[in-house]
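Biologist: I'd like to learn how to read a model like this one. Can we walk through it together?

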Amino acid sequence: MTLSDNAAQIEYWNGKVGETWVRMQDRMDHALGPVTAALLSLAAPQAGEQVLDVGCGSGETTLALAVAIGDDGAAVGLDVSEPLLARARERADALLLDIDFIAGDAAVFSDDSGYDLIVSRFGVMFFADPVAAFANLFRLAVPGARLCFACWQMPADNLWATLPMTVLADLLPAQPAADPHAPGPFAFADAERVATILTDAGWQDVIAHALPFAMVTGSGDDPVADAVQFSLRIGPAARAVKEAGPQVEVAARQRLAEALAGYRDGDHVALPAAVWLFTARA
Ligand SMILES: C[S@@+](CC[C@H](N)C(=O)[O-])C[C@H]1O[C@@H](n2cnc3c(N)ncnc32)[C@H](O)[C@@H]1O
């Protein structure tokens with residue numbers, strides 16, 4: 001893999017976080033189902049197209065794209081995380097889908113396929129230099145190609161991420177104020193900034209489509225306990241609780257259960273979430 005200034009993120013996604021995402025794959029794909037559906041509908045993959053899925057992770061969107069473009073098309077899943085790529089390859093094999101899952105940094109990846117469509121579900125917010133990375137994606141696209149990706153809106157509009165931090169605030173050490181544009185899940189929350197990044201990188205006809213949705217983080221026999229598990233594995237609170245140690249984790253479980261019970265709706269727990277679906281053309 002060619003290294004760029006994304007080395008810190010590459011290490012991050014190849015460490016514990018990558019393994020957690022593998023273990024959480026089913027649950028994340030369930031929770032993000034509404035995003036996947038809306039993203040694929042906007043991307044509108046066509047039979048025979050060359051498609052690139054950036055930051056494909058364990059491959060949920062790549063698998064769907066491969067089915068949509070059929071045997072005459074070619075789907076490539078690109079990611080820096082070896083554990084997630086291994087999971088994606090396993091899933092494609094099980095479905096007898098011919099997909100190339102490549103280990104590579106999207107900021108510097110090159111091939112001469114000429115992509116008609118570049119898609120990403122939450123895989124493009126981790127670049128140290130987003131303009132350079134999107135300029136690289138532009139070089140991979142044929143003239144007129146479509147770009148279509150999902151990224152999170154502001155933390156305040158994503159209670160699934162902020163509620164755990166809020167209810168656990170007094171149990172955890174004060175969190176340092178983070179740079180809102182630093183690589184991470186919320187780096188693309190400011191739609192105007194993202195539009196400028198895309199335009200500076202050469203993309204045109206940039207549109208940000210707002211998608212609010214209910215993110216199901218708990219289901220099954222005990223949806224509240226399930227949602228607590230989710231909050232302790234994925235999102236900003238998960239790492240903070242882990243670092244704080246086992247005693248804090250016991251108290252955190254109790255607190256989270258009380259708070260998340262308020263979001264139970266029958267057999268599931270769903271929290272407000274909001275994403276941007278960006279579309280653009282090369
Ligand atoms: C939030 S996960 C999303 C994974 C997958 N698209 C999904 O929706 O389940 C972000 C993904 O982006 C990948 N990623 C981060 N930086 C990357 C880079 N520079 N090039 C390619 N992939 C990258 C990570 O390894 C990770 O799989």
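Predicted model: local features only at pLDDT ≥ 70, side-chain atom pairs only at ≥ 80, totals over all residues.

Biologist: Fine. How many helices and strands are in the chain?

Modeller: The chain has 12 helices and eight strands. Its radius of gyration is 19 Å, close to the 19 Å that the globule rule gives for 282 residues, so the chain is as compact as a globular protein of that length. Along the principal axes, the C-alpha atoms fill a box of roughly 55 × 40 × 35 Å.

Biologist: And what share of the 282 residues is buried?

Modeller: Buried residues come to 41% of the 282. Taking contacts with a separation of 6 or more, 79% are between residues 24 or more positions apart.

Biologist: Now helix pairs. At what angle do α7 and α9 pack?

Modeller: For a pair, look at the angle, then the handedness, then the residues that meet. Helix α7 (residues 130-140) and helix α9 (residues 191-200) pack at about 50 degrees, and their axes are 8 Å apart. An angle between 35 and 65 degrees counts as oblique, so α7 and α9 are oblique to each other. Their crossing is right-handed.

Biologist: Which residues of α7 and α9 meet?

Modeller: From α7 come Pro130, Val131 and Phe134, and from α9 come Ile197, Leu198 and Asp200. Sorted by type, the residues of this contact are five nonpolar, no polar and one charged.

Biologist: Let me try another pair. What is the angle between α10 and α12?

Modeller: Helix α10 (residues 223-231) packs against helix α12 (residues 246-261) at about 120 degrees, with the axes 9 Å apart. That makes α10 and α12 oblique to each other, and the crossing of α10 and α12 is right-handed. On the α10 side, the contact is made by Val224, Ala225, Ala227, Val228 and Ser231, and on the α12 side by Arg253, Leu256, Ala257, Leu260 and Ala261. The residues of the α10 and α12 contact split into eight nonpolar, one polar and one charged.

Biologist: Where is Leu96 found?

Modeller: Leu96 sits in the loop between α6 (82-94) and β3 (100-103).

Definitions and conventions. Residues numbered from 1 in each chain as written. Axes fitted to C-alpha atoms, helices over the stretch in contact; angles between N-to-C directions. Helix = DSSP H or I, 4+ residues; strand = E, 2+ residues; numbered from the N terminus. Parallel < 35°, antiparallel > 145°, perpendicular 65-115°, else oblique. Left-handed = near helix turned anticlockwise from the far one by under 90°. Contact = placed C-beta atoms within 7 Å. Nonpolar A, V, L, I, M, F, W, Y, C, P; charged D, E, K, R; others polar. Rg over C-alpha atoms; globule rule 2.2 N^0.38 Å. Buried ≥ 20, exposed ≤ 12 C-beta atoms within 10 Å, placed from the backbone.
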